[in-house]
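I am opening a notebook on a structure I have not looked at before.

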Amino acid sequence: MTKLTTRIVDFVPARPNGLLKLFWRQYFLWSIKRHFHTCYVTGEEYVHCTGEDSATLPTIFACTHGSWWDAALTIELSLGQYKLDAYGMMEYKQLRKYSFFSRIGMFSVIREDAASALQSLRYGADLIRGSHASLWMFPQGTLVHQDAETIACEQGIGILASLVGRCRIVPVALRYEQLREQRPSCWVRFGAPYLPERSHGVRLITQIVTERLTDVRDTLRADAMAEDGSAYRTFLSGSMSMEKRFDKLMRR
């Protein structure tokens with residue numbers, strides 16, 4: 001008789017800790033201020049869920065992924081700017097290597113392993129279902145240049161939303177520019193939330209998120225390239241550039 005065995009899929013759960021969240025938020029804040037000149041944001045009215053169902057309607061932030069800095073920025077936005085009860089998905093190998101991320105609220109996923117991917121999506125859905133919690137997700141699945149012609153979301157976002165049930169999906173675009181300052185600037189735009197209906201299947205949810213994320217990305221790009229920050233709030237200002245330091249010294 002053949003003995004049946006079940007393969008254990010590697011997984012790192014989220015183990016958030018208040019004190020460690022505070023510590024790592026301060027670290028990433030310091031790092032962003034050190035490397036960026038200015039950070040702008042708009043669409044903040046979409047971040048928090050309001051209304052009668054706000055206490056039981058979780059939010060999935062579907063974010064573009066065009067830079068190494070995306071994780072640091074989303075951590076600062078979650079913990080520093082908006083004080084969210086937030087979680088996030090991170091590649092298993094990276095989370096095992098940088099295990100402190102689990103103390104912030106990250107849990108692992110192995111995209112190449114269907115069993116692991118589904119396990120992670122179920123875990124994430126259980127974390128936020130029926131609550132006011134949030135989950136950050138990069139639905140493109142991997143780093144893609146911020147000026148790529150098209151955005152292609154993987155079906156994980158549709159599966160996650162279907163598993164959660166009633167939820168909001170907020171598209172978020174991040175962009176980095178370096179034009180007039182020694183250090184780059186960061187631009188963030190939140191789009192209007194999408195509330196999937198029960199009749200919306202995985203493919204339709206994925207398609208709608210792709211379209212909305214593309215629209216938010218394109219609008220942000222147009223604003224940044226036109227240097228039009230009239231609708232944006234400066235949420236972080238970094239240290240002065242070498243040029244500004246020199247000008248200040250000469251004035252003295």
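**Entry 1: an aromatic cluster.** I looked for aromatic rings that group together. Phe23, Trp24, Tyr27, Phe28, Trp30, Phe100 and Phe101 form one aromatic cluster. I note that this is a predicted model. In the structure I find 20 aromatic pairs.

Entry 2: I picked tyrosine 27 and phenylalanine 28, which pair edge-to-face. Their ring centres are 5.4 Å apart, and the planes make an angle of 75°. I count that as edge-to-face because the angle is over 60 degrees. Next I checked the cover on each residue. Is phenylalanine 28 buried or exposed? Phenylalanine 28 has a relative accessible area of 7%, so I count it as buried. Tyrosine 27 has 39% relative accessibility, so it goes down as partly exposed. The cut-offs I used are under 20% for buried and over 50% for exposed.

**Entry 3: a second pair.** I moved on to phenylalanine 36 and tryptophan 69. They form an edge-to-face pair, with 5.0 Å from centre to centre and 85° between the planes.

**Entry 4: the whole chain.** I stepped back to the protein as a whole. I listed eight helices and eight strands. Of the 252 residues, 46% count as buried. I then asked what share of the contacts joins residues 24 or more positions apart. Among contacts with a separation of 6 or more, the share is 78%.

**Entry 5: overall dimensions.** I compared the radius of gyration with the globule rule. A compact globule of 252 residues would have a radius near 18 Å; the protein has 19 Å, so the two agree. I also looked up the span of the C-alpha trace. Along the principal axes it is about 85 × 40 × 35 Å.

**Entry 6: surface and charge.** The protein exposes about 13,700 Å². Carbon and sulfur atoms supply 53% of that area. Last, I looked up the charges. There are 32 positive and 26 negative ones, and their mean positions lie 8 Å apart.

Methods: Residues are numbered from 1 along each chain as its sequence is written. This is a predicted model: local features need pLDDT of at least 70, side-chain atom pairs count only at pLDDT 80 or more; totals for chains, interfaces and linings use all residues. Side-chain values use heavy atoms; hydrogens and water are left out. Helices (H or I, at least four residues) and strands (E, at least two) are DSSP runs, numbered from the N terminus. The radius of gyration is taken over C-alpha atoms; the globule rule is 2.2 Å times the number of residues to the power 0.38. Buried means under 20% relative accessible area, exposed over 50%, partly exposed in between (1.4 Å probe, protein chains only). Contact means heavy atoms within 4.5 Å. Accessible areas come from the Shrake-Rupley method with a 1.4 Å probe; for residues, only the protein chains shown count as cover. Lys and Arg count as positive and Asp and Glu as negative; His and the chain ends are not counted. The place of a charge is taken as NZ of Lys, CZ of Arg, CG of Asp or CD of Glu. Rings of Phe, Tyr and Trp (its six-membered ring) pair if their centres lie within 6.5 Å; planes under 30 degrees apart count as stacked, over 60 as edge-to-face and the rest as tilted.
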